[in-house]
Amino acid sequence: MNPVKTNAARILDRAGIPYDLVGYEVDDAVKDAMLWTAILISLKTAAAAMAATAILGLFAAKWISCIRNRALQNFLDTLLTLPLVLPPTVIGFLLLLTFGANRPVGRFFLEHFDFRIAFSWTATVIAATVVAFPLMYRASRGALEQVPRELAQAAATLGIPERKIFWRIILPNALPGVAAGCILAFARGMGEFGATAMLAGNIAGVTRTLPLAVYSATASGDMDAAFNTVLAIVVLSFLIVAAMNRLLSLDNERRR
């Protein structure tokens, strides 16, 4: 493979220029490298988003469950679930208003840390986290509320601190549901498109995830590359769903 052509292909790809417009057909090795790069970026983004949503979602679920005011609880629950029903492009627009270079949060990071959030890999993680958060939150809250209250009440009667009751009794019993929420968050983060395109852009080797790679390949008329990328997404999605079903099956066996 000619290294000069390879470098030229990468430069054109980063600029978003379809190869057929410049009369150049990309080597298969370059296409394979770009596909594996997109897979790696997607997996890294989904893993980081899953870790963030696991912490935030579990904390939010516990906090909302402890609120006794029903009206306030319903309002906050609706607010936290809102990203689940909003169009991803709307979420991306709102994130861009927050983290853009000329916006308060984005300007703060740029001036104090010399770090631009928008159109970086960090932006892909933020977009995936916000979109996947409601899935983790809803799964965690449902799992926590299914734990019999008698367990916590018995532990409190014995004088066990509330914090230990949560970590030693409630969370272990709710773990299968929480784990299923993590898997759903991972899958949603890996499949995110609209919010990522708005906040992070479509930069090859930096923010181009698998869904964006499908869009880029289709837009340039490279249907073979698009098909290979779609195939990779289908295989990964199948493995994720199979893992979630296995977890739920183990949970049902444990409860019997």
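I started with Phe-75, which sits in helix H3, residues 70-81 (helices are DSSP runs of H or I, at least four residues, numbered from the N terminus). This is a predicted model, where local features need pLDDT of at least 70, side-chain atom pairs need pLDDT 80 or more, and totals for chains, interfaces and linings use all residues. Numbering runs from 1 along each chain as its sequence is written, and side-chain values use heavy atoms, with hydrogens and water left out.

I looked up exposure next. Phe-75 counts as exposed because its relative accessibility is 53% (buried is under 20%, exposed over 50%, partly exposed in between, with a 1.4 Å probe and protein chains only).

Then I went through the salt bridges (a side-chain nitrogen of Lys or Arg within 4 Å of a carboxyl oxygen of Asp or Glu). I get four by this rule.

I noted that Arg-138 and Asp-77 pair up at 2.7 Å, N to O. That pair links distant parts of the chain, 61 residues apart, with Arg-138 in helix H6 (residues 121-146) and Asp-77 in helix H3. Arg-138 is partly exposed because its relative accessible area is 40%, while Asp-77 is buried because its relative accessibility is 13%.

I also found Arg-141 bridged to Asp-77, again listed at 2.7 Å, N to O.

Last, I checked Glu-145, which bridges to Arg-141 with the closest N and O atoms 2.8 Å apart. The two are four residues apart in helix H6, so about one helical turn separates them. My summary: Asp-77, Arg-138, Arg-141 and Glu-145 are linked in a salt-bridge network.
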